[in-house]
Amino acid sequence: MMKGSILIADDEAGIRESLTIVLQDEGYDCTTVSDGKEAIEAINKRSYDIIISDLKMPNVNGIGVLEHALQHSSDTLTIIITAHGTIETAIQALRKGAADYILKPLDFDEVLIRIENLLEHKKIIQENKHLREQIDQEYNFNHIIGESEAMKKIYKMVERVSGASSNVLITGESGTGKELVARAIHFNGKRAERPFLAINCGAIPEDLIESELFGHKKGAFTGASSDKDGVFVAAHGGTVFLDEVAEIPLNLQVNLLRVLQEREVKPVGANQNISFDTRIISATNKDLEAEVEKGAFRDDLYYRLNVVELELPSLQQRREDIPLLAHHFLQKYNKELTRNIKGISSEAMSAMMSYEWKGQVRELENVIERAVLLSDNDYLLLEDLPSAIRDVDVAESDFVSMSTGKLDQAVQVFEKHHIQSMLKRTDGNKSEAARLLGIDPSTLYRKMERLGLSE
């Protein structure tokens with residue numbers, strides 16, 4: 001098993017050959033070049049874990065190699081080889097960003113120890129970076145996928161309401177991501193360090209909803225074997241997300257209104273009220289105004305919950321986001337299901353763009369998960385999709401009624417997002433990003449310029 005990849009740049013053949021023999025014996029993958037210009041060309045072609053570069057070389061010196069590596073392969077660690085007489089320059093190299101320097105004549109045991117220490121250090125940094133990315137993905141709203149105008153409005157609203165404590169009502173069809181947005185509001189606000197508790201009001205038996213919301217005392221009813229805090233008290237300082245709020249029975253809506261007005265709750269079987277400071281975010285896929293008119297939902301509770309309303313767009317209203325979403329779910333389930341499907345064919349993408357997603361984003365995610373699990377191909381093909389999607393008449397679909405500009409825009413948005421994703425994955429290493437994308441670095445630079453992506 002290879003321990004890591006190392007580029008050795010030195011104009012002395014003896015040093016190159018000796019280092020290669022010693023390092024390969026230890027299990028390292030070694031590449032050698034004889035000057036700085038060749039080193040830069042090698043860095044442009046692929047990424048290395050470590051570069052060992054002589055300070056003085058023809059064409060481009062070790063400092064030039066270091067600077068190029070820092071700019072184009074930021075994950076790579078550079079060790080400078082120097083003689084006693086140029087030790088001051090080696091110290092300058094450290095200040096510029098070199099990971100280490102070693103003195104001639106080389107002590108190969110010391111070189112091996114230095115390399116092992118650097119790779120161990122690099123591993124810890126990468127693990128921490130991966131952990132930070134996981135935390136970021138869970139706790140901010142950058143993972144709400146979409147660059148359509150409809151979603152940009154949602155992002156602005158999330159930013160605007162995150163800093164406040166006002167009650168928010170999120171509306172939209174089932175599967176549009178209402179809980180995702182609720183979490184984004186919580187974790188981007190001042191309550192982020194406190195609990196976020198979600199309760200699905202439609203999934204709890206009617207006789208238990210009161211206990212779940214308000215809590216109970218031991219012995220208050222059969223099965224109440226201990227005291228229990230309701231969600232409002234349990235989430236004190238944080239946020240309670242009431243999903244499917246329209247399903248709360250009318251008789252409990254009166255109690256909920258009182259709790260929201262007075263910011264205190266009386267658990268079932270208790271004699272005293274308990275105060276709480278909890279933000280309320282609720283969600284529904286029903287038309288609450290219509291429910292109020294029918295008498296199924298109290299108007300005073302509706303106005304109390306609906307201080308700010310966020311109406312999430314359906315997937316039909318943001319079709320240009322389908323390629324981004326599909327690619328996101330492909331990456332997600334490649335990882336979860338240990339698959340390596342490289343992408344989605346244009347025929348499969350066209351079918352998905354044409355399909356009427358009645359189950360919204362949730363349905364799209366389920367389709368991609370199923371396809372990733374069952375596909376035997378390198379790419380997701382039309383044949384990997386359910387028959388309902390395969391059989392859509394593209395010629396008669398809304399997809400074709402979209403202007404060519406909209407399709408071009410969707411492809412461009414997807415391309416831009418995909419390149420940004422690869423650059424983030426490679427920590428800005430464009431050569432490595434180009435390799436993962438399967439294109440030349442020069443092609444990547446041209447695409448970045450055309451898409452307005454900064455260097």
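What pLDDT does the protein chain average, and what share of the residues score at least 70? This is a predicted model. The protein chain averages a pLDDT of 86, and 91% of its residues reach at least 70.

**Confidence**

- Strand β6 (residues 168–171) has the highest confidence in the protein chain, at a mean of 97.
- Helix α17 (residues 398–401) has the lowest, with a mean of 40.
- The pLDDT is below 50 over residues 395–405.
- Beyond near neighbours in sequence, that stretch has 11 contacts in the model.
- Where pLDDT is low, predicted coordinates should not be read in detail.

**Parallel sheet**

- An open sheet is built from 5 strands, and the pairing is parallel.
- The strand order is β7-β10-β13-β6-β14.
- At the edges are β7 (196–200) and β14 (308–311), each of which pairs on one side only.
- From one strand to the next, the twist averages 20°.
- Strand β6 pairs with β14 in the parallel sense, over 4 bridges.
- Opposite Leu 169 stands Glu 309 in β14.

**Nonpolar cores**

- The largest nonpolar core has 29 residues.
- Leu 213, Phe 214, Phe 232, Leu 242 and Leu 256 touch the most other members of this core.
- At least two core residues come from each of α8 (206–214), α9 (231–234), β10 (239–243), α10 (250–262) and α12 (299–305).
- Helix α10 gives the largest share, 5 residues.
- Leaving aside neighbours within four places in sequence, Leu 213 is in contact with Ile 199, Gly 230, Val 231, Phe 232, Leu 242 and Ile 248.
- Another core, of 27 residues, lies apart from the largest one. Its members include Ile 322, Leu 325, Ile 341 and Trp 357.
- In soluble globular proteins, nonpolar side chains tend to be buried together.

**Helix α19**

- Helix α19 spans residues 430–437.
- Its buried residues are Lys 430, Ser 431, Glu 432, Ala 433 and Ala 434.
- Asn 429 caps the N-terminal end of α19. A side-chain oxygen of Asn 429 lies 3.2 Å from the backbone nitrogen of Ser 431.
- Gly 438 follows α19, and its phi is positive, near 75°.

Note on methods:
Residues numbered from 1 in each chain as written. Predicted model: local features only at pLDDT ≥ 70, side-chain atom pairs only at ≥ 80, totals over all residues. Heavy atoms only, no water. pLDDT = per-residue confidence, 0-100. Contact = heavy atoms within 4.5 Å. Pairing = 2+ DSSP bridges. Axes fitted to C-alpha atoms, helices over the stretch in contact; angles between N-to-C directions. Buried < 20%, exposed > 50% of the residue type's maximum accessible area, 1.4 Å probe, protein only. Polar contact = N/O pair within 3.5 Å; in protein donor to acceptor, adjacent residues only side chain to side chain. Core = buried A, V, L, I, M, F, W, Y, C linked by side-chain atoms within 4.5 Å.
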